[in-house]
Structures are given as C-alpha cells and as structure tokens.
Amino acid sequence: MGMKLSGISGILLCLPFIILIASTFIGMGLIIASFIKDTQSFNLAQSFALYPIIFFSGAFYPVDRFPAFIATLAYINPLTYGVDGLRFSLLGVSSFNPALDLGVMTVSCVAMFGLGAYRFEVGGWGRDGPLWTIIAYKLYYIAYITRNEAPLLNSVIKSYLSDDL
C-alpha cells in the first residue's frame, strides 16, 4: 500500500534538489523584498508570485496533462524541474533527464541569488543595508540556538550588529 521509495540512495539524492529549491525561493524572496518598501506588502507580493509557480510546477498534476499554453508556462518554471528531480530521486520516475533537472535548478538558484544581491546593491542600500543585516540576524539566531557550541561565530555576529545599531 502506498508508494515504494527508492531507498537510502534516493533520499540522499533528493537532498541537493531540496537545497536548490529552497535556495531558489530564498533568492526569489530577496528579489521581491528589494522592490518592497514596507513589510506589510511583502507577504502579499510573495504570495502573488509563489502560488502560480507552485500550481504550474507539476507538483499537483502531471505537466503532460496540462493544456498547451499552461504546459509552456510549466516548462519555463524552474520548480517544474525541481519537482521532477525529487520525483526521480524518491520514486525513480522522471519526465525529464535528471541531469537537466539538476542543471536547471542550479542555474535558477544562482540567477535568483545573483539578481537578489544585485537588486539590494542597486537599491542604494549597499553593504550596510538590509541584505547584510538580515544575514547577520539569521546567523545570530543560529548562534543563539546553538548557544555555547559556536562562541566564535556568536562574538563575530554580535560585533557586526553592534556596529550597525
């Protein structure tokens, strides 16, 4: 009953796809955040961009059953290749070549992060702006969770934040 997973090797193979999918969406969030000036608008803009990407990815319905004009959108969507890579790694079934899935996700991840970092730099916020502060706060939170396990990281981040505040 249910589905048969491809074993421990499939679970290990799905980790790069999970990391690339998450990183791509983090980069997309950076791009959207670079255009938004207030935090209340961010969730609306993120949802407006995120839902079509998820619905046209083939996660809920197979891409080959989409109408032609929606299938074209699905083939442009990088999440389609991420979902297909996860499907291959966990179930052994794939619509595309797994190397193509990995390549498209890698390119989209690098492109999203690069464009997000570029937008923050062009936005006039520079090195002391929100991008670096967000990264510092995230690292500080990680160091706070690990507490005494990362005292050097904790002290470096605290010194950076004290300079900004």
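The buried residues of helix 3 pack against helix 4. Here a contact means heavy atoms within 4.5 Å, and buried means under 20% relative accessible area, exposed over 50% and partly exposed in between, with a 1.4 Å probe and protein chains only. The model is predicted: local features need pLDDT of at least 70 and side-chain atom pairs count only at pLDDT 80 or more, whereas totals for chains, interfaces and linings use all residues. Residues are numbered from 1 along each chain as its sequence is written, and side-chain values use heavy atoms, with hydrogens and water left out.

**Stop 1: the whole chain**

Display the protein chain as a cartoon. Helices (H or I, at least four residues) and strands (E, at least two) are DSSP runs, numbered from the N terminus. Of the 165 residues in the protein chain, 30% are buried. Among contacts between residues at least 6 apart in sequence, 57% join residues at least 24 apart.

The protein chain exposes about 10,700 Å², and carbon and sulfur atoms supply 71% of it. Such areas come from the Shrake-Rupley method with a 1.4 Å probe; for residues, only the protein chains shown count as cover.

**Stop 2**

Select helix 3, residues 68-76. Which residues of helix 3 are buried? They are Ile-70, Ala-71 and Ala-74. These residues cover an arc of only 100° around the axis, and therefore lie on the same side of helix 3. The arc is that of the directions from the helix axis to the C-beta atoms. Turn to the other side of helix 3, where Ala-68, Phe-69 and Ile-76 are exposed.

**Stop 3: the aromatic rings**

Show the side chains of Phe, Tyr and Trp. A search of the whole structure finds 4 aromatic pairs. Rings of Phe, Tyr and Trp (its six-membered ring) pair if their centres lie within 6.5 Å; planes under 30 degrees apart count as stacked, over 60 as edge-to-face and the rest as tilted.

Select Tyr-75 and Phe-96, which form an edge-to-face pair at 5.9 Å centre to centre, with 80° between the planes. Tyr-75 belongs to helix 3, while Phe-96 sits in the loop between helix 4 and helix 5 (98-122); the pair links distant parts of the chain, 21 residues apart. Tyr-75 is partly exposed, with a relative accessible area of 40%.

Tyr-81 counts as buried, at 10% relative accessibility.

Then select Tyr-51, Phe-55 and Phe-60, which form one aromatic cluster.

**Stop 4: Gly-82 in helix 4**

Return to helix 4 and select Gly-82. Is Gly-82 buried or exposed? Gly-82 counts as buried because its relative accessibility is 0%. Residues up to four places away in sequence aside, Gly-82 touches Phe-17, Ile-21 and Met-105. A distance line drawn from its C-alpha atom to that of Thr-24, 58 residues apart along the chain, reads 10.0 Å.

**Stop 5: Cys-14 in helix 1**

Move to helix 1 and pick Cys-14, which is buried with a relative accessible area of 7%. Leaving out residues up to four places away in sequence, Cys-14 touches Leu-86, Ser-89 and Leu-90. Cys-14 and Leu-86 are 72 residues apart in sequence, yet 5.5 Å apart in space, C-alpha to C-alpha.

**Stop 6: Ala-99 in helix 5**

Now select Ala-99 in helix 5. Ala-99 is exposed, with a relative accessible area of 54%. Its C-alpha atom and that of Gly-85, 14 residues apart along the chain, are separated by 8.6 Å.

**Stop 7: a nonpolar surface patch**

Finally, select Leu-5, Ile-8, Ile-11, Leu-12, Leu-15, Ile-18, Ile-19, Leu-91 and Val-93, which form a nonpolar patch on the surface with about 820 Å² of accessible area together. Patches are made of residues with over 30% relative accessible area and no salt bridge: like charges are joined within 9 Å, nonpolar side chains (Val, Leu, Ile, Met, Phe, Trp, Tyr) within 5 Å. A salt bridge is a side-chain nitrogen of Lys or Arg within 4 Å of a carboxyl oxygen of Asp or Glu. Helix 1 (residues 8-35) gives the most to the patch, with 6 residues. Leu-91 is found in helix 4 (residues 78-91) and counts as partly exposed at 36% relative accessibility.
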